Structure formats: structure tokens, C-alpha cells
Amino acid sequence: MILSLAPMEGITGSAFRRVHAECFGALDRYYTPFVAPPRVGDDFGKKALKELEPARNAGLEVIPQLLGKNADEFVWAAQLLADMGYCEVNLNLGCPSGTVFNKGKGSGFLRNLDELDAFLGDICDRSPIPVSVKTRLGVSDDGEFGAVLDLYCRHPLAGLIVHPRVREDFYKGAPRWEPYGEALARAPFPVAYNGDIFAPEDLEALLSAYLATRHVMVGRGVLTNPALPRQLRGGGPMTPEELHAFHDRLFDAYEAEIGGNAVYRLKEWWSYARYAFADPVAVHRAVRKARRVEDYRAAAEQVFRSELLAVRPCFQG
């Protein structure tokens, strides 16, 4: 079973990947939050290079994810990635953000299958490294997925990651397993599952329904419970000491990168991590007002001193 970390913009970046691997052991794969391909002839910008510089991902299997709809720029970016030593590039066809969607990128590309078909044919033909795709089922109705899957099956993809929701769901409602099962049965390339694996029982249920599953991507579940991948492999639950040490190392890593803005980056993490505690409301109240580094550190220490972990840490958003 391959376990990979989902690309979550602003959260699962290179610092998070590195610290999580050091504290809880590396996952099999990590997908970067999406980066935009530069214009042909240009290099990636500084922000993108923080994700992509090989030294920042040393010892981890990292697959860069690109967001775009210009084939020439995608192929140019794939060449830059190949020159860095990457062996695969992932195309984001799942992002539901309104800004992205309205530009016809991410899940917005699923509105025009003829254009997407031509785009995939072009980049698969010209990319120096294999191309995989992370997708949603469609825009508004999971009945769209049959045509979407037909399109994917016409191209030599390295793999397909299925988040079985439509764009209009964003992250609400239960994932639709049946379309994932259809992809698993029909696709001539490897298929991965992504969506609401928050506890070992969730994985057990998925595997019971779809025995052929060989790759599962986890995201929000890991932000709530960093030990989740270990538990999915049969290991023990997270201890309070482990979570405390992970938090401190993560904050130090962000502070070294972005100074006082690390406070706001960690608040994003707490929006998930609070559900690791028995009283997530108290945790939220403790950290929400902190602005300065010293105030934030004091608030976080108070949480770890006074709040108990939940018996079963699990994302509840």
C-alpha cells in the first residue's frame, strides 16, 4: 500500500514535509501544493523554488504539482523539473477555488473536455517526464465522471488520483466511492484514492469495498493526527509528547523561513490540529488571539499543558 501526502496550499509545504518525516517517519510520496509554470524561458520564482529545490526535499519522494492550462508553459516547467532530478509531474485538475475555477484551471478545466483532451495529448507527448493527474469527478454532477474518465483513459498517464467529489461540493458531504471504483476497474494506469481518510477504520472500510486499492492519499487527517500514517500501517497512536515536539519543530522551521508570520501559518495548522484534543473549542480560543511570536508560544504551551488529547483524534470539519 502506497501512502502519500495530499497537496494543501499554504500548509503541506516543504517545511511541513520535512518536519513531519523527521518526527513521524516519511510517507511513501509527497505531492507539493500546486505551483504555476513560469513563462517559457523563465525560471520558477522564489516562492515556487522553496517547494521545489531538491535540497529542501532530500530523502523524500516528492512529486511536484503544476496548475495551468498553457501546454507550452507546462512542458517548459516539466523540463525544469526534470533538470532538477524529478521523475514525475502532477497536473492539478481538482482545485475548487473560485479564483482558480473561473480562470479555467484546476477543476475549472473540467468544463471544457475537448480543450482538456487536446491539452493532455500535447503535454503527454512532449513532457520529458511522465505526467499524472489529480482530479475531481466533474463540476456539478458525478454523472460527468464517465466522460472525464474516458478522456483520461485515452492518454498515457503515469497515474490518476481521484478525489471523489465534484467541484461544487468543495470538501463537504461524503466522498462518492462508486466513481472511484469505476476508475480503479477501467483505467489502464495506476489509480489512487483521496478523500476523508481520517482514521484506520476509514481505510479498512475503503479496502473492504475496493480490494484493488494500492495507493491512498491522506491530507486533513494527517494535519489533525500526524501519527495517522503510522496507524494506517498498524502502528500505535500519537502521544501528547509527540504532538508537542512536532508542533515546536514545525513552528521553529516556519519562523526560520518567514519570521513572525509563522504565527499565522501555525494558526492554519491549528484549524485542523485542534481536533486532536478532547476540547477543540478551548484549543481554538487559546491560540486565536495571539499575534506576536512570544504570545503565540505562550498560548501554545498553555494548550499542551492543560488540554488532553482526544481518545480518538480525528478531523471533524
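Strand E8 (residues 191-194) and strand E9 pair in the parallel sense over two bridges. Strands are DSSP runs of E with at least two residues, helices are DSSP runs of H or I with at least four residues, and both are numbered from the N terminus. Two strands pair if DSSP finds at least two bridges between them. Within this pair, Tyr193 stands opposite Val216 in E9. The model is predicted, so local features need pLDDT of at least 70 and side-chain atom pairs count only at pLDDT 80 or more, while totals for chains, interfaces and linings use all residues. Residues are numbered from 1 along each chain as its sequence is written, and side-chain values use heavy atoms, with hydrogens and water left out.

E9 (residues 215-218) also pairs with strand E1 (residues 2-5), in the parallel sense over four bridges. Here Leu3 is the residue opposite Val216. E1 in turn pairs with strand E2 (residues 29-31), again in the parallel sense, over two bridges, and Leu5 stands opposite Tyr30 in E2.

These strands belong to an open sheet of nine strands with parallel pairing, in the order E3-E2-E1-E9-E8-E7-E6-E5-E4. At its edges are E3 (62-63) and E4 (65-66), each of which pairs on one side only.

E1, helix H1 (residues 14-24) and E2 form a right-handed β-α-β unit: with the strands pointing away from the viewer, the path from the first strand over the helix to the second runs clockwise. H1 lies across E1, E2 and E3, at about 160 degrees to E2. Axes are lines fitted to C-alpha atoms, for helices over the stretch in contact, and angles run from 0 to 180 degrees between N-to-C directions.

Two packed helices are described by the angle between their axes and the distance between the axes. Helix H3 (residues 71-84) packs on helix H5 (residues 113-126) at about 30 degrees, with the axes 10 Å apart. That makes H3 roughly parallel to H5, a term for angles under 35 degrees. The contact (heavy atoms within 4.5 Å) is made by Ala71, Asp72, Phe74 and Val75 of H3 and Phe119, Asp122, Ile123 and Arg126 of H5.

Helix H6 (residues 145-153) and helix H7 (residues 177-186) pack at about 25 degrees, with their axes 11 Å apart. H6 and H7 are therefore roughly parallel to each other. Their contact includes Phe145 and Leu149 of H6 and Pro179 and Ala183 of H7.

How values were computed: Parallel < 35°, antiparallel > 145°, perpendicular 65-115°, else oblique.
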